[in-house]
Amino acid sequence: MTDTIGRGTRRGGGNKRGRRGAGGGARTVAVKRAAPVVREPVSLPPVMSVAELADILETSGIEIIRELMKVSIMANLNQQVDYETAAKVAEELGWETNEADSAMKSTVADFESRRLENDSDPDSRTRPPVITIMGHVDHGKTRLLDSIRSTNVAEGEAGGITQHIGAYQIESQGRKLTFLDTPGHEAFTAMRARGAQVTDIAILVVAADDGVMPTTREAVAHIKSAQVPMVVAVNKVDLPAANPDRIKQQLSEMEVMPEEWGGDIPFVEVSAKEGMGIDDLLEVLLLVADVNELKANPVKAAQGVVIEAKIDGSRGPVATLLVQSGTLNMRDVVVAGTTWGRVKAMFDDRGKRIRRAGPSSPVEVMGLMEVPQAGDTFLTFEDEKAGRQLAEQRSAQKRVEHLNENRPIKLTDLYDQVQEGKTAELRVIIKSDVQGSLGAIQNALLKLNEDMEAGVTLSVQLAATGAVTESDVNLAATTGSIVLGFNVRPDVAAKRAADAVGVDVRFYTIIYELIDEVKKAMTGLLAPVYQDVTDGYAEVRETFKLPNNDVVAGLYVLDGKVPRNSRARVLRSGTVLFEGGIKSLKRFKDDVREVAAGYECGLGLEGFNDLKVGDQIEFLHREEVARPS
């Protein structure tokens, strides 16, 4: 493709040589125009650093920072940006983009589906039950665990259990049982909150000499909500003050009915201190496990839950895993939460090095890159690349969530955040001129937490004296806070940073104005209060059936007015038959916006044709009202 450029047409100081040529005409020069650069669309991750974005877009980090500054974002090469921001920058630089999340979604979906698989496949085998012990702090939970453990330690094993890994396995009647040594129902519930249903059977320990305590009631509530089979261990029956029947009576009042009283909850009398009744308890536990037919497939890839995790000074990240199905082998690639690694070493609850762990086995593993969280689910892969990819994708998802949570917010958009399902929390940074004012403001703001309705909280991220600085603004941006200044102003760097990242900085000279504005913002965090306001009443005097089978009513407006945009509530003998929108409102043949009292009109309703002569129709609208102070 060529363009013809007539140099002879230049004016003024043009090149005179261009005027020469045959017949004195203008000389033409053929110039080839460069073909436009055709770029394939690039895939961008949900979140990335500025340096990573520059590398993807084949440009310099300085160029990316320059484009970000155009949209009021001050960033360095290591700062994280989300996909939307990165896409805008890419578009300015001539790139089309798409979000590289399809692989993530499919892989994560695969992870979740594998995690939720049931054990009804033909390769399933009976597995040991996983048992948690709960109850009041002084009722003998730890002593019972120790008693169960000590009766099953192999003879001659010096010191019994050599290490504590948060779970252990014992044998009774030639069968295994797994016990989780967790600190009560708080940990039990925390794991459930993270999506980990770990326990098969819960033992509720109640001291026979003490009875049901508030903590006992809480434990019962948590066990019931988890829908886990319960076994009650009535402990300390060896004491003179023991009264097991009183325990049964108290628990039956909480709908925990003993089997001998016609219920379905086994009660076993034990003495953890004397070792009495332990074998009976284990026998009942095995019976409950048989009734519930606990099974798992031991031949598939292992999956389960992280019970505990820590950093060991000499071994690095160490995690206790409970294998729920499949078999975990040495050298398996494990993804636990957002971390991954290859199993380098495995130990059982007695510290013995093992090479594999089957269903319901607790095992301590080494080899993860980082420390996972208790309650994280884990899955194994044969391919290291697939495992690393899943961990990175889940980590990226978490960073996106964290990035969105910590976006700078303003008092005016807090309500929108709650509507989107985010936490109703107002975070503030307070800067004041003197310590006295600072203390008064902080106390008054925190008192709002007591005065406001449940669900709204205010937290002070920082309270200090002095001018608002760039450091304050950066903290606000990181924590998603609002900066409140009293009798202070920002320095130049702080003002520039606040404008760049969009942090809401507000200044006051009167304390009650500051408190009042924050109180209004906290009120706005809650859903608005609406009430129905009646516009008018009308009576059905006649009904007509249209060719399309819709029924319209001839009304006489008794009181108020009938607006076209009202909702209609049909009443028959005082009973509400229908509430919905108005389809048509007419005076004679003309559509009208409203009809006043004393006039007749025609009315059609959205989705309701059962209108009869004599029906009363109330017309109303909803309006927001101020919350009571």
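Is Asp 591 buried or exposed? Asp 591 is exposed, with a relative accessible area of 60%. The views below come from a predicted model.

**View 1. The salt bridge between Lys 586 and Asp 591.** Lys 586 and Asp 591 form a salt bridge whose closest N and O atoms are 2.9 Å apart. Side chains of opposite charge can pair when their charged atoms come close.

**View 2. Helix α7 and its buried residues.** Helix α7 covers residues 214-226, which makes 13 residues. At 1.5 Å a residue, the helix should span 18 Å, and the 19 Å between its end C-alpha atoms agrees with this. Thr 216, Ala 219, Val 220, Ile 223 and Ala 226 are the buried residues of α7. They lie on the same side of α7, because the arc they cover around the axis is only 135 degrees. The residue that follows α7 is Gln 227, and its phi is positive, near 55 degrees.

**View 3. The salt bridge between Arg 342 and Glu 384.** In this pair, the closest N and O atoms of Arg 342 and Glu 384 are 3.1 Å apart. Arg 342 has a relative accessible area of 22% and is partly exposed. Glu 384 also counts as partly exposed, with 31% relative accessibility.

**View 4. The salt bridge between Asp 615 and Arg 572.** Here the side chains of Asp 615 and Arg 572 meet at 2.8 Å, N to O. The partners are 43 residues apart and come from distant parts of the chain. Asp 615 sits in the loop between β34 (600-605) and β35 (616-625), while Arg 572 is in strand β30 (residues 567-572). Asp 615 has a relative accessible area of 2%, so this residue is buried. Arg 572, with 23%, is partly exposed.

**View 5. A network of salt bridges.** Four residues are linked in this network: Arg 567, Arg 569, Glu 579 and Glu 618. Across the whole structure, a search finds 24 salt bridges.

Methods:
Residues numbered from 1 in each chain as written. Predicted model: local features only at pLDDT ≥ 70, side-chain atom pairs only at ≥ 80, totals over all residues. Heavy atoms only, no water. Helix = DSSP H or I, 4+ residues; strand = E, 2+ residues; numbered from the N terminus. Expected span 1.5 Å × (residues − 1). Buried < 20%, exposed > 50% of the residue type's maximum accessible area, 1.4 Å probe, protein only. Arc of directions from axis to C-beta.
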